[in-house]
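Let's learn to read a structure by asking one thing at a time. Have the sequence and the 3D view ready.

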Amino acid sequence: MTCLIKGCNFVLKNIPHEAFVYQKDSDPEFRFQTNHPNIFPYLLVNIGSGVSIVKVETEDRFEWIGGSSIGGGTFWGLGALLTKTKKFDELLHLASKGQHTNVDMLVQDIYGGAHQTLGLSGNLIASSFGKSATADRDFSKEDMAKSLLHMISNDIGQLACLYAKLHCLDRVYFGGFFIRGHPVTMRTITYSINFFSKGEVQALFLRHEGYLGAIGAFLKGAEQDNPNQYSWGENYAGSSGLMSSSPELCPTQRARSGTFDLLEMDRLERPLVNLPLLLDPSSYVPDTVDLTDDSLARKYWLTCFEEALDGVVKRAVASQPGSVDAAERAEKFRQKYWSKLQTLRHQPFAYGTLTVRSLLDTREHCLNEFNFPDPYSKVKQKENGVALKCFPRVIRGLDALGWEDRQLALVKGLLAGNVFDWGAKAVSDVLESDPQFGFEEAKMKLQERPWLVDSYSKWLQRLKGPPHKCALIFADNSGIDVILGVFPFVRELLSRGTEVILACNSGPALNDVTYCESLIVAERIAAMDPVVHSALREERLLLMQTGSSSPCLDLSRLDKGLAVLVRERGADLVVIEGMGRAVHTNYHAALRCESLKLAVIKNSWLAERLGGRLFSVIFKYEVPAE
């Protein structure tokens, strides 16, 4: 039981889209829940041979509050006696083809048309197997299996609902290895809980429901390594993902019954927590578009990632010129990622809600699996070198401007820097074909004001007021972006008396700047610039890592050290730059403090969808409501 609870707590805390509600007529049928930062208290209904019902209050405080001897074993045992079918999966298969109304007595069979006066639906089961007592005929195996599955699932649903109401809990998770992603079971349990609780209690199913005890046992065995001190992340390259039980959606034969074949988790180096500045962590959703729902966008982005695959393979091979097997590994990467994309075409819900972020993260995980941790390392080094040489000239140009002109120039510099994104095909094509394309050329590409989203005048007005206490800036790309775009902006804030926390990725992704690279860049800039030099020395400029290795940004999974510093320094401005961090994610993120979200749209399909054109500008300055 301890292992079971350990496993359940672990998946709920570490897999953002572990839990889902089942909706029969939706497409897709799974509706994933974003994990609440506080998962407790909850009710766990574990359906094995029998049913155990456990109230879980904290990480290690739980209480067995009830159960039933009528569970998975009952379905199997009675099913075997009724149908002579010995295998559990075969029973489920029979049930999926049956018609329970041939065996069950319904409310309308008893009351006729008068059932409406009772406020009941005529299709409700009044008596499981009720027709078999009086009918003088044989019933099909399929119908009996379906009736039995309904009877046991309804019973479990009602029992779970009563216990939840008794203990004032509104979330019920179902575990064990009875459900196995079977639609009839999930639909019946969901219906039963909704019916008896009048919608007040929610039935939640788990992607890894059959393996909570095994995961907990592993964690218990690894206790000397303190697994709870760490955060973990699902590795999309190694995990098979949730599979639909509809045969037409799942053409490939599974290795065994259940919702998935393989789960791989990575232990992250540092614990991850919420950004303290989120307005409401429980309702925060990082992603702007849910591709599981939006079939048009899903089709576009899956094709987009397929078409970009050749370029990524080429870049991966070029990043390891001394390796004899680089081409072979890159080909394996291609095959792996391609097959992931095909799985997601058929089963967009495989890893929870499908988003641009999850497609990007899956690609990074696949690259890492075949030992390409940083395919853009050479590009980044080269671009950093070029940008550092230009830094003094850019600063002299900015310092020569009047105050108001300088503010606009700084923002344009941030935006122009953001053009240099190797993850965007429109940009990588230009950078590949024109090595001379630089900072000034990027400025020429930018949309003229008014921008697609333009709160610049409001931002300028704010700058005429008192300085911010502390700004938290999430940087995007290496090279021109961070050196000629972000650092001049940081320098201006420092000159105003604002402290700055510059947060960069912990690990590599595309050509994004990493924390380790930012330390070297800052040192080189400090050697040229007294403002940055003194700010670093006096700890008014602090470089931190985000805890992420993704081109996107999830503000609910940030490095704990960064979160502590944000609180200590009283950050009152958050700046998020780049398409991945400010458009694909966090575009709608609500914060407790002022925020700037800025990006250049480097994808023509997305630009058109937002009502603009390629290289349209988003400059979104938001002030929280009083």
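Q: Is E622 buried, exposed or partly exposed?
A: Start with the scale: buried means under 20% relative accessible area, exposed over 50%, and partly exposed in between (1.4 Å probe, protein chains only). E622 counts as partly exposed because its relative accessibility is 26%.

Q: What should I know about the model before going on?
A: This is a predicted model: local features need pLDDT of at least 70, side-chain atom pairs count only at pLDDT 80 or more, and totals for chains, interfaces and linings use all residues. Residues are numbered from 1 along each chain as its sequence is written, and side-chain values use heavy atoms, with hydrogens and water left out.

Q: Which side chain does E622 meet in a salt bridge?
A: The general idea first. Side chains of opposite charge can pair when their charged atoms come close. The rule for a salt bridge is a side-chain nitrogen of Lys or Arg within 4 Å of a carboxyl oxygen of Asp or Glu. Here E622 pairs with K597, at 3.0 Å from N to O. This pair links distant parts of the chain: K597 is in strand 19 (residues 594–601) and E622 in strand 20, 25 residues apart. Helices (H or I, at least four residues) and strands (E, at least two) are DSSP runs, numbered from the N terminus. K597 has 1% relative accessibility, so it counts as buried.

Q: What does K620 touch?
A: Contact means heavy atoms within 4.5 Å. Leaving out residues up to four places away in sequence, K620 touches V453, S455, Y587, H588, S595, L596 and K597. K620 lies in strand 20 (residues 616–622). Its side chain reaches the backbone oxygen of Y587 at 2.6 Å. K620 counts as buried because its relative accessibility is 13%.

Q: How many salt bridges does a search of the whole structure find?
A: It finds 34. One of them joins R581 and D512, at 2.9 Å from N to O. R581 sits in helix 21 (residues 579–584), D512 in the loop between strand 15 and helix 18, 69 residues apart. Both R581 and D512 are buried. Elsewhere, K55, E57 and R61 are linked in a network of salt bridges.

Q: Where does T514 lie?
A: Look at the loop between strand 15 (499–504) and helix 18 (515–528). T514 counts as buried because its relative accessibility is 6%. It touches K380, C504, N505, G507 and P508, not counting residues up to four places away in sequence.

Q: Which domains does the domain assignment give?
A: Domain bounds come from an automatic or database domain assignment. For this chain it gives domain 1 (278–370) and domain 2 (387–622). Their C-alpha centres lie 25 Å apart.

Q: What is the area buried between domain 1 and domain 2?
A: The size of an interface is often given as the accessible area lost when the parts come together. Buried area is the accessible area (1.4 Å probe) that two parts lose on being put together, summed over both. Here it is about 2000 Å², of which carbon and sulfur atoms give 57%. L278, Y284 and T288 supply 27% of the area that domain 1 buries against domain 2, more than any other three residues.

Q: How many salt bridges are counted between domain 1 and domain 2?
A: The count is 2. As for contacts, 19 residues of domain 1 touch 27 residues of domain 2.

How values were computed:
A polar contact is a pair of N or O atoms within 3.5 Å; within protein, one must be able to donate a hydrogen and the other to accept it, and residues adjacent in sequence count only if both atoms are side-chain atoms.
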